[in-house]
Amino acid sequence: MTLLQIDSTLVSETSEQAAEAAKGVIQGDFSAVGNLIDKLTTFGIEAGKAILAAVFIYIIGRFLIRLINNFLARVLEKRNIDASIQGFLKSLVNILLTVLLFITVVSALGINTTSFAALLASIGLAFGMALSGNLQNFAGGLMVLLLKPFRVGDYIEAQGTAGTVAEIQIFHTLITTPDNKRIYLPNGALSSGNIVNYNSEFRRVDFTVGVEYDSDAEQVKKVLMDIVTKHEKVITNDPDRAPFVALSKLGDSSVEFTVRAWAKGADFWTVFFEVQQTIYAEFNRQGIGFPFPQLTVHQGK
């Protein structure tokens, strides 16, 4: 055998081995790609099942939360629970159920709830430090419900705001002002600040009436007493709440009289406005003058 024949034989054998090796590599690569596709398909199917289950749990959970909230509202109303406590309990139960639903949905997605709970606790601690004011408001809400400085429906004045208490929530108390504005007052400030509760059976209506210095004081007192005693909503048959009129101050430009009359809490504003209007009309009819600021200047010669 010649050298040329030996070389051609070696080249032929090497080519066959390279082809076999390339074929094996190609087959191996296709096998890896197939395994990857299988894994992705399996993951997609499992993830799809988890997502569908989570969506199903969320929809059912929201429906159940709504049912529980409605049932709780009916039970509280049927048992005549105080409206202030009703609003607080309904808000608290709704938040707790929503948090429970959130944890259930996360668990259905396959997330480890143990590690998630630890993460949630850490986040909760951070938020607790950042939102310490809300924790104070929560404690303030509990104090308001326990001590009951006011109830739903009471007309109060607090934190520079006056209005009717519409609802006591977990963190805030909703106040409706006379001009129908809705104001949310933090419970923490309410529980630690001054509160004026006007929801009493009887309220005293106070007036300060100024007249000119040349007016007859006895005549003014008689006219004022007649006005308040003749008003149908002023209490006159209770000696502890009898109308009162007195000269109270000699001012710079007027003689001032104090008038005090008692009325039922619901009639306070009616008495306040109607008595003032009657005073104005009666004084003008009887010639009793209302003063205005005056300054006397003496000019030297």
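This is a predicted model: local features need pLDDT of at least 70, side-chain atom pairs count only at pLDDT 80 or more; totals for chains, interfaces and linings use all residues.
**Overall make-up**

The chain holds seven helices and eight strands.

| Quantity | Value |
|---|---|
| Buried share of the 301 residues | 24% |
| Share of contacts (separation of 6 or more) made by residues 24 or more positions apart | 63% |
| Share of the accessible surface (about 20400 Å²) from carbon and sulfur atoms | 60% |

**The sheet**

Five strands build an open sheet. Their order is E4-E3-E2-E1-E5, and the pairing is antiparallel. Strand E4 (182-186) and strand E5 (195-197) lie at the edges. Each has a single partner strand, so one side of each is left without a neighbour in the sheet. On average, neighbouring strands of this sheet are turned by 45 degrees against each other, direction ignored.

Inside that order, strand E2 (residues 161-168) runs antiparallel to strand E3 (residues 172-176). Four bridges join E2 and E3. Ile 168 has its bridge partner in E3: Thr 173.

**The surface patch**

A nonpolar patch lies on the surface. Its members are Phe 56, Ile 60, Phe 63, Leu 64, Leu 67 and Ile 68. Together they have about 550 Å² of accessible area.

Take Leu 67 from this patch. Leu 67 sits in helix H1 (residues 3-78). How is Leu 67 classed by its relative accessible area? The value is 42%, so Leu 67 counts as partly exposed. That class lies between buried, under 20%, and exposed, over 50%.

Definitions and conventions:
Residues are numbered from 1 along each chain as its sequence is written. Side-chain values use heavy atoms; hydrogens and water are left out. Two strands pair if DSSP finds at least two bridges between them. Helices (H or I, at least four residues) and strands (E, at least two) are DSSP runs, numbered from the N terminus. Axes are lines fitted to C-alpha atoms, for helices over the stretch in contact, and angles run from 0 to 180 degrees between N-to-C directions. Buried means under 20% relative accessible area, exposed over 50%, partly exposed in between (1.4 Å probe, protein chains only). Contact means heavy atoms within 4.5 Å. Accessible areas come from the Shrake-Rupley method with a 1.4 Å probe; for residues, only the protein chains shown count as cover. Patches are made of residues with over 30% relative accessible area and no salt bridge: like charges are joined within 9 Å, nonpolar side chains (Val, Leu, Ile, Met, Phe, Trp, Tyr) within 5 Å. A salt bridge is a side-chain nitrogen of Lys or Arg within 4 Å of a carboxyl oxygen of Asp or Glu.
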